[in-house]
Amino acid sequence: MAHVRRVRWLVPLVMLGLVAILLGLVYVAPPVYRAKKRLRAERAAMVGAAAIERQDWREASNNLLLALNLAPESPAVLHQAARFTTLIGKDSAFQYWQMYFDHATPTRDDRLMYLGLVSRLGRADLMKPHLVALLQKDAHDPEALELCIGAFTQMGNPESALDTARELATQHPNREGVDFLLAKALIAVGKKGGRNEARRLLWSLAFRPRPDAFAALGELSRMPEVSTNELRLLLHRVPSIQTNSLFRLLAEFNLRMRLDPALDRSAAARDVVETLPSDAPLTERLLALDWLLANNQGAKALQISGPPWSQTNEFVLQRHLTALGSLDRWNEVTRLIEDDESPVTPINRHLYRAVSATHGNHPDEAAVHLLSATTVANARPEDLLMIAAYAEALDQPAIAATALQPLLSNPVLVPSTGPRILQLLDRVDSIRPMLLAVDRLLTMDPGKDSLRNDQLWLRILSDDRVEESTEAATELLGKHPDEPRFLATVALGRIRMDDPEKALELLESHPVHGTNYPIRLQLVHAAAMGASGRREAARQLARAIPMVGLRSEERVLVREWLEKSKQQ
């Protein structure tokens, strides 16, 4: 009986032990396993960090890829991944920094590296919180002030950039590059007194043993107010401040071409090609190529941009293709861009296909390739601007506007990009894309009444929410009673609501004097005259309206009176 009692107690104990083991496997083992993976990932990240310090990019890449696969949310791993991708110029660096900031507090060096990255990406709107954090700790932080100058410049605020440059020069007068930054800021503002001060600073820098002496000389060589004798003085100064043979040669040629515009550029190009060593750094090769292409020396550019350099580097290949195009060797361009092993980017492939199609007299095919270029994901701002420039050159304003639309997500670029998009869409006979662009711009600047009036004009013109839009336009006219474009919008709304007499009464109560008589108002006035029975007056007004550049919906307003005028 005792044996039976022991068995009865043993079974529950065994079951309890099994349950404990099962609970341990379910609740304890996964955290332990994750902690082990995290530890292994952080060790790999440390090895990657050491490789970064040695500039062993392959080992750094392998270890950081392993670390990201093991623990993609570890702050230590994200930190090293952000540093590595920033140093090698990868676009993914921005995402890694954002994820790292969500998991950890960045150091000063982290903020400076991130700010340098977003500055290169043209995203000055993302710099403010980090610059504020740096300047709150040290209001005279020189690196932060230099980045502030760059941010203000990107945002189109040269006056603030100049104020910051003066502050930097006052607080750190002996810092390298400070006087050069101040001179550049003075030139950007463009005032006569500022340019004179900039010239004095640049002359002082160019004739002092400073690292920025050569950069100052380059700025002076481009200034139109520098005299012939001063150019000769700069030419004699070049050899004493530049030891790099290529840089020295290009500077001398630039000065000589200003002194003698008839200088033999072919001979100069030959000297540039011969001076560039076969193992020259990429930056020097690109500099030489840009100089050759700017001086229409495509044949010489091909000598230093062909294989093996064009087979491994997309920037060299871009210049190689440009040189081939300048020589009308489009068959070779086509062969290179269709080669799957060439380092051409998807956007450049579409662009060169479009240009090749244009030279083959196939404009429809060119438009298809340009449109394909606008659909490439994660395009950089400079790529989108390049697509728009090509599309504009090929008379494709709708495609150019489509290419520029993603730039509206960058607040820094909105002031310059928004008006350009609207100008492009003004050439497109369609209301919808223009209305979408105006709607988007209004979300960023809801207080801009002129843009709001354009939105209401387009809505009423397309019979969309006419009564609501007319009421809103009437409110705007109350704020701006002397604006004829606002008046035209309200009058158009009254015509659309079958009340042309009210439209005429409104027009007569707001007389427009002088030459400030926009076409919109002429269209509405003629339409109101005709709709209210004053047909002869409508015909006379309609005949005076230029129809070029108007949308179909706008021409419809006076089409009836124009046709009757022609019949008579």
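Colleague: Is Ser310 buried or exposed?

Modeller: This is a predicted model. Ser310 sits in helix α17, residues 309-312. Its relative accessible area is 6%. The cut-off for burial is under 20%, so Ser310 is buried.

Colleague: How many salt bridges does the count come to?

Modeller: The rule takes a side-chain nitrogen of Lys or Arg within 4 Å of a carboxyl oxygen of Asp or Glu. By this rule the count is 26.

Colleague: Which residue forms a salt bridge with Glu146, and how far apart are the closest N and O atoms?

Modeller: The partner is Arg175. The pair links distant parts of the chain, 29 residues apart: Glu146 is in helix α7, and Arg175 is in the loop between α8 and α9. Glu146 is partly exposed at 26% relative accessible area, and Arg175 is partly exposed at 26%. The closest N and O atoms of Glu146 and Arg175 are 2.9 Å apart.

Colleague: Glu219 and Lys184 meet in a salt bridge. What does Glu219 count as, buried or exposed?

Modeller: The N to O distance for Glu219 and Lys184 is 3.1 Å. This pair also links distant parts of the chain, with Glu219 in helix α11 and Lys184 in helix α9, 35 residues apart. Lys184 is partly exposed, at 38% relative accessible area. Glu219 has 11% relative accessibility, so Glu219 counts as buried.

Colleague: Where are Arg319 and Asp290, and what is the relative accessible area of Arg319?

Modeller: The side chains of Arg319 and Asp290 meet in a salt bridge, 2.7 Å from N to O. Arg319 is in helix α18 and Asp290 in helix α15, 29 residues apart, so the pair links distant parts of the chain. Asp290 is partly exposed, with a relative accessible area of 36%. Arg319 is buried, and its relative accessible area is 17%.

Colleague: Which residues do salt bridges that share partners join into one network?

Modeller: Start from the salt bridge between Glu146 and Arg175. Both residues belong to the network. Shared partners join five names: Arg108, Asp141, Glu143, Glu146 and Arg175.

Terms used. Residues numbered from 1 in each chain as written. Predicted model: local features only at pLDDT ≥ 70, side-chain atom pairs only at ≥ 80, totals over all residues. Heavy atoms only, no water. Helix = DSSP H or I, 4+ residues; strand = E, 2+ residues; numbered from the N terminus. Buried < 20%, exposed > 50% of the residue type's maximum accessible area, 1.4 Å probe, protein only.
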